Amino acid sequence: MSQSDTAIHIRGLRKALGASFALGPLSLEIPRGTIWALVGPNGAGKTTLLNLLMGVVSPDGGEASLLGHDVHTEDVDIKRQVAFVSPDLNYSAWGTVGRTIDFVSAFYPDWDEERCERLQLQFGLQRSERIDALSFGARVKLSALLALARNPEVLLLDEPTIGLDPLARQLLFTELLGFMQDETRAIVISSHQLNELERLADHVAILSAGQLVASGAVPELLQRYVQLDVVLKQDRLIRRPGLKLLAWDGERARLLLDRATVEPQSLKSLDVEVIEERALTLEELFVGLIRNGNGYWRQRGMVGA
């Protein structure tokens, strides 16, 4: 992938937060023309990663660039071309919705006034409303409006659907799909709305405890991983890479299998009989990958290296 095709480049990026949490090292390449879902449980490091990309915090090591601009040294260029949406953004200093829009729009020559007015109407935002009086959901809508009306090349969205009702979420996702009609753009969206993300995103990066567990095109990942219902012919199962125990009950067990590492047919050599093979949704894959199966392995006396 050439540099001109790359929206976000991350290589060996690391950040420690106190003694209890460390993000990375992470490596990820996000091309233009793609929508990436950034998913993980609370505390996985999603917000930390987005803050690193926007220069809100400094990394402890590694490298990252957006649109070819280094996050260490070219944060001004990044902020000019990249828009960030977060529930933590605060616009109270400008008093009203109208003053906030006027202030932000003055910095961006490509400001789309037509889109701004349309989103104001769709989101039910009035210029005269005071920021301090807005509901949490309305503040999220304002943050999304300010980002989309800028016509940025990259959109980073941290939980942009928190506080939004189903209609507002649908309006936002429809707007994001329209935004991506320009295939030189890219979106990274962190959200717990996995069912909606599966319809919106074409790629996914799954984080758990600061580590990248899996990443890639959604259809390819859903083809790569499969859930198996099996019968264990003996009271043990060899623990091996690419095979994860999700649940067990007597001789029956449920496994998550990575086809890139283990062939289902090879389970016969482990005295495992496959009863059913089932495709996964993105949410099921997410839960399977981050679930800690160590307790199951210990309870059944599993054998492993």
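Trainee: What makes E1 and E2 a hairpin?

Mentor: Three residues lie between E1 and E2. Gly 18 sits in that turn, with a positive phi of about 70 degrees. Keep in mind that this is a predicted model.

Trainee: How do you know that E1 and E2 pair, and in which sense?

Mentor: Pairing needs at least two bridges between the strands. Strand E1 (residues 6-17) and strand E2 (residues 21-31) have eight, in the antiparallel sense. So E1 and E2 count as paired. One of the partners to look up is Pro 31 in E2, which bridges to Thr 6.

Trainee: Why is strand E8 called largely enclosed?

Mentor: Buried means under 20% relative accessible area. In E8 (residues 186-190), five of the five residues are buried, so the rest of the structure largely encloses this strand.

Trainee: How do you know which faces of E8 are covered?

Mentor: Take the two sides in turn. Ala 186, Val 188 and Ser 190 are on one side, and they are buried. Ile 187 and Ile 189 are on the other, and they are buried too. Both faces are therefore covered, with each of these residues under the 20% cut-off.

Trainee: What makes E3 a partner of E8, and in which sense?

Mentor: Four bridges join strand E3 (residues 35-39) to E8, in the parallel sense. The cut-off is at least two. So E3 and E8 qualify as a pair. Trp 36 has Val 188 of E8 as its bridge partner.

Trainee: How many bridges join E7 to E8?

Mentor: Five, and the two strands run parallel. Strand E7 covers residues 154-158. Leu 155 stands opposite Ile 187 in E8.

Trainee: Why is the unit of E7, H6 and E8 called right-handed?

Mentor: Picture the strands pointing away from you; a path from the first strand over the helix to the second that runs clockwise is right-handed. E7, helix H6 (residues 166-179) and E8 make a β-α-β unit of that hand.

Trainee: What share of the protein chain is buried?

Mentor: Of its 305 residues, 50% are buried. The chain exposes about 14500 Å², and carbon and sulfur atoms supply 48% of that area.

Trainee: What is the secondary structure of the protein chain, and what box do its C-alpha atoms fill?

Mentor: The chain has ten helices and 16 strands. Along the principal axes, the C-alpha box is roughly 70 × 40 × 35 Å.

Trainee: How many positive and negative side chains are there?

Mentor: There are 32 positive and 40 negative side chains. The centres of the two sets lie 6 Å apart.

Key:
Residues are numbered from 1 along each chain as its sequence is written. This is a predicted model: local features need pLDDT of at least 70, side-chain atom pairs count only at pLDDT 80 or more; totals for chains, interfaces and linings use all residues. Side-chain values use heavy atoms; hydrogens and water are left out. Buried means under 20% relative accessible area, exposed over 50%, partly exposed in between (1.4 Å probe, protein chains only). Accessible areas come from the Shrake-Rupley method with a 1.4 Å probe; for residues, only the protein chains shown count as cover. Lys and Arg count as positive and Asp and Glu as negative; His and the chain ends are not counted. The place of a charge is taken as NZ of Lys, CZ of Arg, CG of Asp or CD of Glu.
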